[in-house]
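Subject: Structure handover

Hello,

Here is the structure I promised to pass on. Please open it alongside this note; what I found follows below.

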Amino acid sequence: MFIIKHKAIFFTISILLVIGSLIFIAIYGLNLGSDFTGGTALEVAYAKNRPDPNLLRSILAPLNLGNYSLQSAGSDGYIIKLKPITEEERVSIVDALSANGANQDFQVKSFSSVGPSVGQELATKGLIAVTLVVLLIILFIAFAFRKISYPVASWKFGLIAIIALIHDITIPTGVFAYLGHFREVEIDALFITALLTILGLSVSDTIVVFDRIRENLKNRVGRTFEETVGMSLDQTITRSLITSLTIISILLVLLFFGGESTRNFALVLTLGMFFGTYSSIFIASPLLVVVYNWQAKP
């Protein structure tokens, strides 16, 4: 019952975080990577004595590549992201990075190029995918809880779950808007994949709590609706925390010890899992009580 009694505190924390995230997104925007804007990504590795990044920038300067980013990839390589380039420009970059072939330990690990039209199509499909997932979640919850009409209608369970999901993906997106502005962290296709994963994991956790509330309502556990929700949270909170902490611990290992290419993916998932667990316990269920109290007013 502690969570239900102090729900205003948890609502305030979430509102401040969401507002802060929306401000970051509005002011800084999202630093879209080549997956969406079109461009080239070249990953290189040095078996011995990886050059200083400032040295590489000075080597690349005469090539007039325009704006580009040079990111570390593990302990022995770099990832260069820049505008779409021709085959001749690619050869020139490789020659420059390998000191014109003098460095026999130099290796091109990967090269990919995405045109602007393909990037725009990917961004559109990503948005459609997120929208469809949200709509399907609403329909699923409304169907799963269709036999509940009192004291809170089934469609309201679905609406509250969506509010919690918006909370779960808005905050990580706001964090990446901040990191994109100050750390040049880019949004790529893996970011969309991470958001879809967050939606699935978070709604699963929320449904577990909602299902316990449904069962307790059916069995008339608790004298009031508020007490029923509070007891349901007490019965499921340990399971939710253990499951989420297990996943988060694995993601933290991937974040700190994984490769550069999956680091941002792991960060989005870690943030999403943390705030998804928070919303399932401290936001979604207390919102049911708020809705019940609101509709109970004369």
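In which sense do β1 and strand β3 (residues 77–82) pair, and over how many bridges? The sense is antiparallel, and there are 6 bridges. Before going further: this is a predicted model.

**The strands**

Stay with β1 for a moment. A45 of this strand has G77 as its bridge partner in β3. β1 also pairs with strand β4 (residues 106–114). These two run antiparallel as well, joined by 8 bridges.

**The nonpolar core**

The largest nonpolar core contains 48 residues. I141, F157, F210, V268 and L288 have the most contacts inside it. At least two residues come from each of α1 (2–5), α2, α6 (116–144), α7, α8 (189–218), α9 and α10. Helix α10 gives the largest share, with 12 residues. As background, nonpolar side chains in soluble globular proteins tend to be buried together.

**Aromatic pairs**

Searching the whole structure gives 13 aromatic pairs. Take F10 and Y278 to begin with. Their rings are edge-to-face, at 6.5 Å centre to centre and with 75° between the planes. F10 sits in helix α2 (residues 7–28) and Y278 in helix α10 (residues 260–296), so this pair ties together parts that are 268 residues apart in sequence. F10 and Y278 are both buried.

F24 and Y178 make another pair. Their ring centres are 5.3 Å apart and the planes meet at 50°, so this pair is tilted. It too links distant parts of the chain: F24 belongs to helix α2 and Y178 to helix α7 (residues 154–182), 154 residues apart.

Ring pairs connect F2, F10, Y278 and F282.

**Charges over rings**

Two arginines are worth a look. R50 lies over the face of Y78, 4.7 Å from the ring centre. R90 places its charged end over the ring of F111, at 5.5 Å from the centre.

**Helix α9**

**Positive phi**

Most residues other than glycine have a negative phi. Two exceptions are listed here.

- N64 is not a glycine, yet its phi is positive, about 55°. N64 is in the loop between α4 (53–60) and β2 (69–73). This residue is exposed, with a relative accessible area of 62%.
- E184 is also a residue other than glycine, and its phi is near 60°. E184 lies in the loop between α7 and α8. At 53% relative accessibility, E184 counts as exposed.

**Two more positions**

D188 is in the loop between α7 and α8. Is D188 buried or exposed? The cut-off for buried is under 20% relative accessible area. D188 has 19% relative accessibility, so it counts as buried. The C-alpha atoms of D188 and E87 are 24 Å apart, and 101 residues separate the two along the chain.

N216 is in helix α8. With a relative accessible area of 6%, N216 is buried. How far is its C-alpha atom from that of S232? The separation is 7.1 Å, for residues 16 apart along the chain.

Best regards

Notes: Residues numbered from 1 in each chain as written. Predicted model: local features only at pLDDT ≥ 70, side-chain atom pairs only at ≥ 80, totals over all residues. Heavy atoms only, no water. Phe/Tyr/Trp six-rings, centres within 6.5 Å; stacked < 30°, edge-to-face > 60°. Helix = DSSP H or I, 4+ residues; strand = E, 2+ residues; numbered from the N terminus. Buried < 20%, exposed > 50% of the residue type's maximum accessible area, 1.4 Å probe, protein only. Lys NZ or Arg CZ within 6 Å of the ring centre and 35° of its normal. Pairing = 2+ DSSP bridges. Core = buried A, V, L, I, M, F, W, Y, C linked by side-chain atoms within 4.5 Å.
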